[in-house]
Amino acid sequence: MTADDAPEGLSLSQVRISLAGRLLLSVDKTIRPGEVLTVMGPSGSGKSTLLAFAAGFLDPIFAAEGRVLLAGVDVTDRPAESRQMGLLFQDPLLFPHLSVAGNLLFGLRPGASRGVRQETVSAALAEVGLGGMEGRDPATLSGGQKARIALLRTLLSRPRALLLDEPFSKLDVALRDQMRRLVFDEAGKRNLPVLLVTHDPQDAAAAGGPVIELGGTGGE
Ligand SMILES: Nc1ncnc2c1ncn2[C@@H]1O[C@H](COP(=O)(O)OP(=O)(O)OP(=O)(O)O)[C@@H](O)[C@H]1O
């Protein structure tokens, strides 16, 4: 494939993952920029395993074939930290020993001056309705606030794709709706391809993109 006809977005190309000699999942999909691919399926069907393969931290206990391409570049052999993928999980996983600003500065790539970095963090906070919270201890924040900080930290790292593993499941119903809108809006504004792992059909409906079901009906 030449660079000219390389697919945009995130491709999971002819991926087959086995565990102990048994095929667990098989997926061949390209997620276009700005599109959300929702991965559903029963517990144990391999949803998180597929995400780990895309992210670059698949446990070596699994045998994997296939390639991961990001904007046409094959990143399969790159370690997770060099893939420029943004991750969000059920838990916000904020650093408890850092302030809100400290958590967000951690997401920012180095380069700009300290002042510019701090301004970037403050502007990002204001954009999601958390202006003035720079100095707060994450332990004092609500679940919804923590989720927004985790999203901002991910976005500030300027990822080229988002990989989301049940990111809304711990939020209560009203917050879940707000957070879905925020995540999908921000991903859309940045034209990011998004892989969303979930059990919740309402997540798939809100995402509005293609859905694949692992376990049984197959992912191809
Ligand atoms: N580190 C591991 N060692 C051995 N088996 C594993 C490991 N991680 C996952 N598995 C197994 O691989 C299969 C797929 O697990 P995975 O976590 O991807 O499923 P899932 O669809 O994400 O499930 P859930 O919806 O419960 O999160 C399961 O049978 C699980 O028990």
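Two residues are in contact here if their C-beta atoms, placed from the backbone, lie within 7 Å. What you're looking at is a predicted model, where local features need pLDDT of at least 70, side-chain atom pairs count only at pLDDT 80 or more, and totals for chains, interfaces and linings use all residues. Residues are numbered from 1 along each chain as its sequence is written.

**The whole protein**

The protein has six helices and nine strands. Helices (H or I, at least four residues) and strands (E, at least two) are DSSP runs, numbered from the N terminus. The radius of gyration, taken over C-alpha atoms, is 18 Å, close to the 17 Å from the globule rule for 220 residues, so the protein is as compact as a globular protein of that length. That rule is 2.2 Å times the number of residues to the power 0.38.

**Two sheets**

Strands pair if DSSP finds at least two bridges between them.

| Strands | Sense | Bridges |
|---|---|---|
| β1 (residues 10-19) and β4 (residues 62-70) | antiparallel | eight bridges |
| β7 (residues 161-165) and β8 (residues 194-197) | parallel | four bridges |

**Around the ligand**

A residue counts as near a molecule if its C-beta atom, placed from the backbone, lies within 6 Å of it. The residues around the ligand include L19, L24, K47, S48, T49, D59 and I61. Helix α1 (residues 47-55) gives the most to this shell, with three residues.

**A helix pair**

Helices α4 (residues 143-156) and α5 (residues 173-189) pack at an angle of about 10 degrees, with their axes 11 Å apart. Axes are lines fitted to C-alpha atoms, for helices over the stretch in contact, and angles run from 0 to 180 degrees between N-to-C directions. Angles under 35 degrees count as roughly parallel, and α4 and α5 are therefore roughly parallel to each other. Where they meet, G143, G144, A147, R148, L151 and L155 in α4 face L175, M179, L182, V183 and E186 in α5.

How values were computed:
Parallel < 35°, antiparallel > 145°, perpendicular 65-115°, else oblique.
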